[in-house]
Amino acid sequence: MSTKAKEPSLILFYDAECPLCMKTRIVLSYFDVFKSLDFKSVQENSNSNKKLEGLSKESLLNNIYAIDSKGAMYSGIDTYKKAFLQTPVFFILGLLLHIPGISHLAKT
């Protein structure tokens with residue numbers, strides 16, 4: 001019996017030229033034991049999804065965006081909240097970020 005997802009449930013769009021973004025991708029990928037996250041660089045994939053069409057290249061490079069399997073789009077801390085809930089080692093952190101006030105602090 002396989003624990004790997006048939007399809008990723010969340011696609012994350014990140015800046016491949018940003019060292020912090022690259023480290024984030026590496027860490028999340030390493031701990032994504034169910035392979036439910038898919039990472040795509042903004043530089044190569046910004047035109048690959050219609051949901052991203054209305055966003056400027058600058059916005060895509062300055063924020064991390066994600067699109068889930070139902071087509072909902074997330075940005076910034078909301079992307080991390082969704083990704084953490086998909087990654088067992090970060091699940092508790094994902095729950096904590098849903099507590100009122102915590103997300104607000106994380107956005108500042």
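User: What should I know before I start?

Analyst: This is a predicted model, where local features need pLDDT of at least 70, side-chain atom pairs count only at pLDDT 80 or more, and totals for chains, interfaces and linings use all residues. Residues are numbered from 1 along each chain as its sequence is written, and side-chain values use heavy atoms, with hydrogens and water left out.

User: OK, what is the strand order in the sheet?

Analyst: The order is S2-S1-S3-S4, an open sheet of four strands with mixed pairing. Strands here are DSSP E runs of at least two residues, helices are H or I runs of at least four, and both are numbered from the N terminus. Two strands pair if DSSP finds at least two bridges between them.

User: And which strands stand at the edges?

Analyst: S2 and S4 (73-75) do; each has a single partner strand, so one side of each lacks a neighbour in the sheet. On average, neighbouring strands are turned by 25° against each other, direction ignored. Axes for that are lines fitted to C-alpha atoms, for helices over the stretch in contact, and angles run from 0 to 180 degrees between N-to-C directions.

User: In which sense does S1 pair with S2, parallel or antiparallel?

Analyst: Parallel, over five bridges, with S2 covering residues 37-41. Phe13 has Lys40 as its bridge partner in S2, and Ile11 stands opposite Asp38 there. On the S3 (residues 65-68) side, S1 pairs in the antiparallel sense over four bridges, and Ile11 faces Ile67.

User: How many S1 residues are buried?

Analyst: Four of the five in S1 (residues 10-14). Buried means under 20% relative accessible area, exposed over 50%, and partly exposed in between (1.4 Å probe, protein chains only).

User: Where do the helices go?

Analyst: H1 lies across S1 and S2, at about 160° to S2. Helix H4 (residues 77-86) lies across S1, S2, S3 and S4, at about 110° to S4. Contact means heavy atoms within 4.5 Å.

User: Which residues touch the most other members in the largest nonpolar core?

Analyst: Leu10, Leu12, Leu28, Leu37, Phe39, Ala83 and Phe84, out of 13 residues. A nonpolar core is a set of buried Ala, Val, Leu, Ile, Met, Phe, Trp, Tyr and Cys residues joined through side-chain atoms within 4.5 Å. S1, S2 and H4 are the elements giving two or more residues to this core. There is also a second, separate core of six residues, including Phe13, Val42, Leu52 and Ile67.

User: Changing topic, what is the phi of Lys35?

Analyst: Positive, about 55°, although Lys35 is not a glycine. Lys35 lies in the loop between H1 and S2 and counts as partly exposed because its relative accessibility is 39%.

User: And Asn49, buried or exposed?

Analyst: Buried, with a relative accessible area of 19%. Asn49 lies in the loop between H2 (42-45) and H3 (57-62), and touches Phe13 and Ile67, not counting residues up to four places away in sequence. A polar atom of the Asn49 side chain lies 2.9 Å from the backbone nitrogen of Lys51.

Notes. Polar contact = N/O pair within 3.5 Å; in protein donor to acceptor, adjacent residues only side chain to side chain.
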